[in-house]
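Please read them alongside the sequence and the coordinates.

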Amino acid sequence: MIVRLKGKAARDSARQDLMRAVRVRHRAPGHVRFDLPSELCAPAAAGMVEHALRQVDGVYRVVVFVGAGKLSIRWAEEVCSLAEVVRTLSSVVAAIADGAVPPASVAVPAKMPAGTRVAGTGLAARVRNWAPVARLRARYDDLKAKAQVLNQIMAIKTGGKVNLPFDAKDWAIHFANDLVVYYLIRVHWDRIMRQWLPSPWTYRYQWATVVYLVFLLVRFRKAKK
């Protein structure tokens, strides 16, 4: 009996120690980031954490940065609360402390999430990897994932499919086109003001390119209406 009590006390102590090592790094509505101890950054443990948190209704993004030792969680506040997220995290941390083994279906996370940067050296890759654009892309991905989660939950509650109030794909294409136009104007602004405007005939081919690109943009927008 005493041996069993000592074993239980040791397990409880290991669980508490591991959970105390998980520290809140950032907290905002619908988003929290944690610093993780090395025990939870092992590939198997990180996979268990991601898998468990993704089972919570309303959680639409979970990323364990194995190399950096960080955990990022985003959820829809309309569906679940931070308390539910923390309870789930505590449960999976306790299971890991007890030596639980992840099932074969649990994926092992990479050191960096896919899609962080766009490969290539062309103009499109440079625009998408530009820091402000990358932040906007990440924000759009989060909003799209949240909308999908809310749509699925509403479909379950109402017994049918609920259409989103906007076409996410078309919105993303329009937004990307606007960003490319802004980037091109920003890059060529000095030449436009100092060379192209004072000498339009000398730079007639550049102006022809501008007119053609504007024509394509206007035609695309009219075709979508």
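1. Glu50 sits in helix H3, residues 43-54; helices (H or I, at least four residues) and strands (E, at least two) are DSSP runs numbered from the N terminus. Glu50 counts as buried because its relative accessibility is 6%, where buried means under 20% relative accessible area, exposed over 50% and partly exposed in between (1.4 Å probe, protein chains only). Its side chain reaches the backbone nitrogen of Val64 at 2.8 Å.

2. On provenance: this is a predicted model, in which local features need pLDDT of at least 70, side-chain atom pairs count only at pLDDT 80 or more, and totals for chains, interfaces and linings use all residues. Residues are numbered from 1 along each chain as its sequence is written, and side-chain values use heavy atoms, with hydrogens and water left out.

3. pLDDT is the predictor's confidence in each residue, from 0 to 100. The protein chain has a mean pLDDT of 76, with 64% of its residues at 70 or more. Strand S2 (residues 31-35) has the highest confidence, at 91, and helix H5 (residues 123-129) the lowest, at a mean of 59. Over residues 111-119 pLDDT stays under 50. For that stretch the model has 13 contacts beyond four places in sequence, a contact being heavy atoms within 4.5 Å. Where pLDDT is low, the predicted coordinates should not be read in detail.

4. Overall content: the protein chain has 8 helices and 4 strands, following the pattern α-β-β-α-α-β-β-α-α-α-α-α along the sequence. Of its 225 residues, 27% are buried. Among contacts with a separation of 6 or more, 56% are between residues 24 or more positions apart.

5. The sheet is open and has 4 strands in the order S1-S2-S4-S3, with antiparallel pairing. Its edge strands are S1 (23-28) and S3 (59-65), each pairing on one side only. Neighbouring strands are turned by 10 degrees against each other on average, direction ignored. Two strands are taken to pair if DSSP finds at least two bridges between them.

6. How many bridges join each pair of strands? S1 and S2 are antiparallel over 5 bridges, and S2 and S4 likewise pair in the antiparallel sense over 5 bridges. S3 and strand S4 (residues 70-75) run antiparallel and are joined by 6 bridges. In the hairpin of S1 and S2, 2 residues lie between the strands, and Gly30 takes a positive phi near 75 degrees.

7. Phe34 is the bridge partner of Val24, and in S4 the bridge partner of Phe34 is Leu71. Leu71 also stands opposite Val64. Leaving aside neighbours within four places in sequence, the contacts of Phe34 include Val22, Arg25, Gly69, Ile73 and Leu89. Phe34 and Ala21 are 13 residues apart in sequence, with their C-alpha atoms 9.8 Å apart in space.

8. Returning to H3: its 12 residues should span 16 Å at 1.5 Å a residue, and its end C-alpha atoms are 17 Å apart, which agrees. The expected span is 1.5 Å times one less than the number of residues. H3 lies across S3 and S4, at about 170 degrees to S3; axes are lines fitted to C-alpha atoms, for helices over the stretch in contact, and angles run from 0 to 180 degrees between N-to-C directions. The buried residues of H3 are Ala45, Ala46, Gly47, Met48, Val49, Glu50, Ala52 and Leu53. Their cover includes helix H2 (38-41), S3, S4 and H4.

9. Helix H4 covers residues 82-97 and has 16 residues. From first C-alpha to last it reaches 22 Å, close to the 22 Å expected. H4 lies across S1, S2, S3 and S4 and runs at about 140 degrees to S4. Its buried residues are Val85, Thr88, Leu89, Val92, Val93, Ala94 and Ile96; of these, Leu89 is in contact with Phe34. Gly99, with a positive phi near 90 degrees, follows H4.

Conventions: A polar contact is a pair of N or O atoms within 3.5 Å; within protein, one must be able to donate a hydrogen and the other to accept it, and residues adjacent in sequence count only if both atoms are side-chain atoms.
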